[in-house]
Amino acid sequence: MRLSLVPRDAPLPGMAWLSPLLAVALSAVGAAALFAAMGRNPLVALDALFVEPIASLNGLAELGLKATPLVLCAVGIAIGVRANVWNIGAEGQFTVGAICGTAVALGFDATGAWWVLPAMLAAGAAGGAAWAAIPAFLRTRFNAHEILTTLMLSYVAIHLLGWLVHGPWQDPEGFNFPQTRQFRDDALLPVLVPGTRLTMSAVFALLSVPLGALLLRGTLAGYRLRVVGLAPGAARYAGFSEAGAVWFTLPLAGGLAGLAGISEVAGPIGQLQPVISPGYGYAAIIVAFLGRLDPLGILLAALLMALLYLGGEGLQMSQQLPLAVTGVIQGMLLFFLLAGDAFAGYRLRLVRTPRHVVRDA
Amino acid sequence: MPERLPDAVAVLAVLVATLRAATPLIIAGMGELVAEKSGVLNLGQEGMMLVGAAVGFIAAATTGNAAAGLLAAMAAGAAMALLFGVLTLTLTANQVATGLALTIFGTGLSALIGVNFVGTPIPGLATVLWPGLAHASPLWQQLLLLDPLVWLSLLLPPAVQWFLYRTRAGLIVRAVGESHDVAHALGYSVPRIRYLTTVFGGAMSGLAGAYLSLAYTPMWVENMVAGRGWIALALVVFSTWKPGWLALGAWLFGFITIAQFEAEAAGISVSPNLLATLPYLATIVVLVLISHDAVALRLNAPAALGKPFRPTV
């Protein structure tokens, strides 16, 4: 007797959306167990993780603030994965976007001209897109896989950022802190809800959802991407170019991540620092999968992930738990999701080990 | 670098430092190479190494026994790999996504369990083995820095080469990686073999992580693996799945890492931040060099790499 996975005749109906919900529920149980193991009251900790952070207007604004870069990065990642292009370097594109936008801010924000902020955003998006164009070039010209190149470029980008804020761009009046000077007000994104830190960038994120959905479902370009991802052979036969899919999805994802990067720097942070992201670019990979590679799903998943970040900070303060708890719960979430998806297509069955009998023909 | 060394010792010091920097890459890379030869692509190297580094450090710091640290790290890496195996081999989840999840999970888990050990001083592995190290002559100091794990990194490539190409078990591993359906039809249990190679890979990654936290820089810091897991993965591709080439690649990387420190010590005024990008840029260059010959890559890569095995019978 052994346990065996038997394929179902048809995938369980509704499981595509049930399995993320199940994964969230199981992760909450896992988190409770984790809290209990660390000697905290699980109910109090869960409350601090999931409820307290959004019990006020300010909390909700912070939720939107943290969900914004996740949505922007994840929409790009999801469109790529649909075409079987794995961009896991959103963190680096985010960073380069922040750097390029900052270059514009440091150069021109003293002019007070109206175009400074739009130019910063454009430079951020262009910088992120250019950074992602490098792996696109390496993949299409040299066949080097983007999983490793995008990731290596993230490390390079983060060191570049370190060099800039320790070197050429360091604020001379900043008491030797590794950071640029504060941006002037004209170079900061306007705040959406007075009294909170939620900026215009949330609008970009909200726009990226219908636009991304439209691209994937309503356009020929999106159809081609999905065919390239699902059936490369058929795509080749139909004349849909794989290189075209790489060149379309990587710079698009990079541009969105770059926009998220400059929005973070020209928003809640207000200057360039050595650390400008708590790992949004990596968490966005989880968000993309949790959201079923679908922009609307991504929006929901990003809100959940943002809640985990906020809750993690809350736990650190109220329960003296290390911030790393967030990463553990994020990882659990993705594990449960992947396992749930597997069960959608398979069921567990107890199988009697058959006796192998050789029969005469 | 310590004060002026005699030239011969200085050369030896660079050599020793290169071997030491390459050690975690070779150990983790060999584990991944064997797993990939059986068709399993585990992108969770970074996460497994981090958990290995943290668990190894904690075990060594609390028991005061370095060997216990190394064993605990291997067990932790193997346990992480087992989790990966359950998801990808039993539940046939996507290997790429699961590997990424393993890295994200391992990064968080290692930071969580290691939080109380940041800044705890422990003696390095070489000092544990040779308590008189600090008083030895410069020449002996260098030689004694070659701890057992460095020697293991020299022995592993020929051992793995022998196992894969000279033993029956190695042949089966390669068969499973080339065509799981054929191996299944021949009566081999594809999942069992892949579980074994995956867990071996995890144990090696855990050990490589513990080398970093117990010997290379004897301390625990969040995220201290710093991309070496990913570099090890890139090296497997670079080597076209050949153990000897993997070792060569790792030494090249070790040398680049050391050159970065040497340049600083020699007073070459390049920002340390810019120098720190070198290993990552080198990885990209190496990947490009090896990948541009698509035919050679396809001929050498295990044909069933990353593909889930779903038996029909």
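What is the mean pLDDT of chain A, and what share of its residues reach 70 or more? The mean is 88, and 96% of the residues of chain A reach 70 or more.

## Confidence in the model

This is a predicted model. One stretch of chain A stands out: over residues 357-361 the pLDDT is below 50. Beyond near neighbours in sequence, that stretch has 0 contacts in the model.

Chain B has a mean pLDDT of 89. In chain B, 97% of the residues reach 70 or more. The model as a whole scores ipTM 0.85 and pTM 0.88.

## Chain A as a whole

Chain A holds 13 helices and 2 strands. Its C-alpha atoms fill a box of roughly 90 × 60 × 35 Å, taken along the principal axes. A compact globule of 361 residues would have a radius of gyration near 21 Å. Chain A has 23 Å, which agrees.

Of the 361 residues in chain A, 54% are buried.

## Helix 6 of chain A

Helix 6 of chain A covers residues 146-166, 21 residues in total. From its first C-alpha to its last it reaches 30 Å. That is close to the 30 Å expected at 1.5 Å a residue.

Of these 21 residues, 19 are buried, so helix 6 of chain A is largely enclosed by the rest of the structure.

A:F94 sits in helix 4 of chain A, residues 90-108. Is A:F94 buried or exposed? A:F94 has 35 other C-beta atoms within 10 Å. The cut-off for a buried residue is 20 or more, so A:F94 counts as buried.

Leaving out residues up to four places away in sequence, A:F94 touches several parts of chain A, with A:P69, A:C73, A:G128, A:A257 and A:Y280 among them. A:L198 lies 104 residues from A:F94 along the chain, and their C-alpha atoms are separated by 19 Å.

## The largest nonpolar core

The largest nonpolar core has 228 residues. Which of them touch the most other members? They are A:L70, A:C73, A:A74 and A:V287. Helix 10 of chain B, residues 190-216, gives the largest share of this core, 15 residues.

A:L70 has contacts beyond its neighbours within four places in sequence. Its partners include A:Y280, A:A283, A:A284 and A:V287. A:A302, A:M305 and A:A306 are also in contact with A:L70.

## Where the chains meet

The contact takes 38 residues from chain B and 40 residues from chain A. On the side of chain B that touches chain A, the elements giving two or more residues are helix 3, helix 4, helix 11, helix 13 and helix 14 of chain B. Helix 4 of chain B gives the largest share, 12 residues. By class, this side of chain B has 24 nonpolar, 13 polar and 1 charged residues.

Helix 3 of chain B, residues 66-90, is one of those elements. At 1.5 Å a residue, its 25 residues should span 36 Å. The end C-alpha atoms of helix 3 of chain B are 35 Å apart, which agrees. After this helix comes B:T92, whose phi is positive, near 50°.

Definitions and conventions:
Residues are numbered from 1 along each chain as its sequence is written. Chains are lettered from A and ligands numbered from 1 in the order in which they are written. This is a predicted model: local features need pLDDT of at least 70, side-chain atom pairs count only at pLDDT 80 or more; totals for chains, interfaces and linings use all residues. Two residues are in contact if their C-beta atoms, placed from the backbone, lie within 7 Å. Helices (H or I, at least four residues) and strands (E, at least two) are DSSP runs, numbered from the N terminus. Ala, Val, Leu, Ile, Met, Phe, Trp, Tyr, Cys and Pro count as nonpolar, Asp, Glu, Lys and Arg as charged, and the others, Gly among them, as polar. The expected span of a helix is 1.5 Å times one less than its number of residues. A nonpolar core is a set of buried Ala, Val, Leu, Ile, Met, Phe, Trp, Tyr and Cys residues joined through C-beta atoms within 7 Å. A residue is buried if 20 or more other C-beta atoms lie within 10 Å of its own, exposed if 12 or fewer, and partly exposed in between; C-beta atoms are placed from the backbone. pLDDT is the predictor's confidence in each residue, from 0 to 100. The radius of gyration is taken over C-alpha atoms; the globule rule is 2.2 Å times the number of residues to the power 0.38.
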